Structure formats: C-alpha cells, structure tokens
Amino acid sequence: MITISNVKKIFKTKDGKFTAVDDVNLQITEGEIFGVIGYSGAGKSTLIRMLNGLESPTSGTVDVNGKIISNIRGAELRKARQKISMIFQHFNLLWSRTVRENISFPLEIAGVDKKKREKKVDELIELVGLNGRGGSYPSQLSGGQKQRVGIARALANDPQVLLCDEATSALDPQTTDSILELLVDINKRLGLTIVLITHEMHVIRKICHRIAVMEDGRVVELGDVLEVFKQPKEQITKRFVQQVTEPEETRETIEHLLDEYEDGKVIKLTFVGEATEQPIITNLIRSFDINVNILQGKISQTQNGAYGSLFIHVHGVQEEITKAVDFLESAKVGVEVITHD
Ligand SMILES: Nc1ncnc2c1ncn2[C@@H]1O[C@H](COP(=O)(O)OP(=O)(O)OP(=O)(O)O)[C@@H](O)[C@H]1O
C-alpha cells in the first residue's frame, strides 16, 4: 500500500544543511493502523508530509498505492491527495463556515454536484457522531467535536489513506480516547489505512497494529505493537513503553521499597496474551516458602491482544527466592529483577 524507500530529507538552513529524515525504509500494509512515535524534532512530521507530497524527499521514493508521490506535481498530485487525506493537531477548519460547509468543502473542490454533496455530508455527520451540529460554527464546538469535523472532512472523498498528524495532542485524555475509538471504528468499517504520528505511547497502545520509533531522523525500531511492549530493544523505546506501564509513582514506590527492604527482591513481571490469564502468583506462593507483596499491577489492551505488568516484592531465605525466580522464568512471563537506577 505504502512503500517508503531510502528516503532522505535534507533542509538547507542558515547554519548549513540539516538532515530531518535519514534513510528511512518502511512498508505499510492496506488496512493497517501504523504509528510513528518519536520525541519533538525526530522527523515525524517531515516523514508524514512526504506521504501526501506536502514535502518532497531529497532522495529516495514514496509510493502510495502504486503512485510515486515524490514524482508527481500539479493536477495529478491534487488528484492523488483526494485519496490520501490528513487530519491535524489544531484541526485546520474554516472558521467562517458551518460544520456542514466544512465537510462539504473538499467535495466542492472535487466538483461533486450539490445533491450528491448533501447526501455525503449527511452520511459523514452520522458516521462521526455529529448529528444535530451541522449548522454550528467551529467556534461553538468542543475540541473533540472539532476533530470529528476534521475527520468527516478528511473522509469526504473516500480516501484510501488517512494521515493523522498529532491528531489528539490538543485534547484531554477522555476526548483523546473517544477520537481514537472513532479512528478504530473507521478503520474497521471502511478498511481505511491509517498512518499516525504521535509522541504518546498511549495512542500507539490504544489503536496501532504496528509501530516505528524515530530518533534523529532514523527509524530505530519497528514491530508489532504487542511485541514492542513485550520486548522493547532500544533505550528510547523502553522509555516510551514506560509511559504506559510504569507511571512516575510506580518508580517512586519501587525506589522507596528498594531502600526499605535490603533483603528480598523487587521483580517486574510482564505478561502477554494467554499468560495474562494464568494464576502465576498463586502458584508462586503455594510452591515456595516466600512472602510476596504486590506493589502495582496493570493490564493494558492493545489492538493485537492484552499486555500486563506486575511489580512484586518477594522476601524469604535466599535459596527460596532463587528458586522462585527460576520458576517465574520458566513460566511464560517476562522477569526483570529491579535494582536501583
Ligand atoms: N522547513 C524546514 N527547514 C529547516 N528545518 C526544518 C524544516 N522543517 C523541519 N525542520 C527540522 O527538521 C527536524 C525534524 O522536524 P519535524 O517537525 O519533522 O519533527 P517532529 O518529530 O515532527 O517534531 P515535532 O513534533 O516537534 O514537530 C527539526 O529539527 C526541525 O527543526
């Protein structure tokens, strides 16, 4: 569906040349929700803008559905863009137009006649859950509703690809979740391929099937979301995964416990798929002469299945603790003995 091959983007600045995207290769499959995560300046926006020709690569090619976007210009590019639409962090709505008129705008540009436009706008308003708000102006809507208008407008010309540029970053957590659920719904109902960029792992966990991690213009890690949660390889990926699995207060609790109990061990267990349903802690307590304190536990759902993490503190005689750790390692769970940072 989308093939990015050896893509580089070098900007000329006053201080010389700056490589924003550095030799990126990616393949995104039809119907997939693909997330690109990275900190500010990693090159995410530049990369996603090359997918619809808002930027062109300095070298390499971007192929979307058989069209080399990086080679086409003018009317041909405008036509291709109708099938590769985009939503934005700050919505980019037309403030002097109503909801209906905003959604209708791309249809007017595409030369669709009035009757068909009206019908399509009705369908889109229904699809994004804005019934009764068609006559409102953007200034009369909440952030979540504005993004729903952005999504409806982006879907007007029946695109094959939807690009999301930090589409939920300006929204509160609850509204973020409702917009993410809408994107999953659209992906399933319309079979739309979605490429999103974000700096929040929560967004990736909630809706993406696969993820690429970007750092300094390069893709440093790539994989299925669940696999990346289970076994992040790069340091930067581990930090992103911790955003979801180890909130700040957990770290503080653990540091406190490491100080408090010099004997025993603090262990982080990670569970994926069927392991989330096993009574591992019961078996652990029954099989070994140890005490177990549960510090924090969480199960998170991803699009590919469940992922759980559990922090425990075990204490008892050293020999029993060693046997207990061996037992955990032989079960289908990830085991990490935590030490001071
Ligand atoms: N037109 C431009 N001219 C010069 N440098 C640019 C230009 N556009 C982007 N850059 C630089 O390229 C780097 C990558 O920018 P980009 O916006 O792609 O990163 P990002 O990961 O999307 O970060 P953010 O979330 O902050 O936008 C940054 O250092 C930025 O300053």
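Strand β7 (residues 161-165) and strand β8 (residues 193-198) run parallel and are joined by 5 bridges, where two strands count as paired if DSSP finds at least two bridges between them. Helices (H or I, at least four residues) and strands (E, at least two) are DSSP runs, numbered from the N terminus. Within this pair, C164 has L196 in β8 as its bridge partner. The model is a predicted one, in which local features need pLDDT of at least 70, side-chain atom pairs count only at pLDDT 80 or more, and totals for chains, interfaces and linings use all residues. Residue numbers start from 1 along each chain as its sequence is written.

Both strands belong to an open sheet of 6 strands, ordered β6-β7-β8-β3-β9-β10, with mixed pairing. At its edges lie β6 (84-88) and β10 (218-224), each of which pairs on one side only. On average, neighbouring strands of this sheet are turned by 15° against each other, direction ignored; axes here are lines fitted to C-alpha atoms, for helices over the stretch in contact, and angles run from 0 to 180 degrees between N-to-C directions.

A further open sheet is made of 4 strands in the order β2-β1-β4-β5, and its pairing is antiparallel. Here β2 and β5 (67-68) stand at the edges with a single partner strand each, so one side of each has no neighbour in the sheet. Strand β4 (residues 59-64) runs antiparallel to β5, with 2 bridges joining them, and V64 finds its bridge partner in K67 of β5.

Two helix pairs can be described in turn. Helix α5 (residues 143-155) and helix α6 (residues 173-190) have axes that come within 9 Å and cross at roughly 20°. The two are therefore roughly parallel to each other, given that angles under 35 degrees count as roughly parallel, over 145 as roughly antiparallel, 65 to 115 as roughly perpendicular and the rest as oblique. In this contact, G143, G144, Q147, R148 and I151 of α5 meet T175, S178, I179 and L182 of α6, with contact defined as C-beta atoms, placed from the backbone, within 7 Å. The residues involved are 3 nonpolar, 5 polar and 1 charged.

Helix α3 (residues 99-109) packs against helix α4 (residues 114-127) at an angle of about 130°, their axes being 10 Å apart. These helices are therefore oblique to each other. From α3, the residues R100, I103, S104, L107 and E108 meet R117, K120, V121, L124 and I125 in α4, giving a contact of 5 nonpolar, 1 polar and 4 charged residues.

Finally, strand β12 (residues 290-302) pairs with strand β13 (residues 305-316) in the antiparallel sense over 12 bridges. A hairpin of 2 residues links β12 to β13, and Q296 has F311 in β13 as its bridge partner.

Definitions and conventions
Two residues are in contact if their C-beta atoms, placed from the backbone, lie within 7 Å. Ala, Val, Leu, Ile, Met, Phe, Trp, Tyr, Cys and Pro count as nonpolar, Asp, Glu, Lys and Arg as charged, and the others, Gly among them, as polar.
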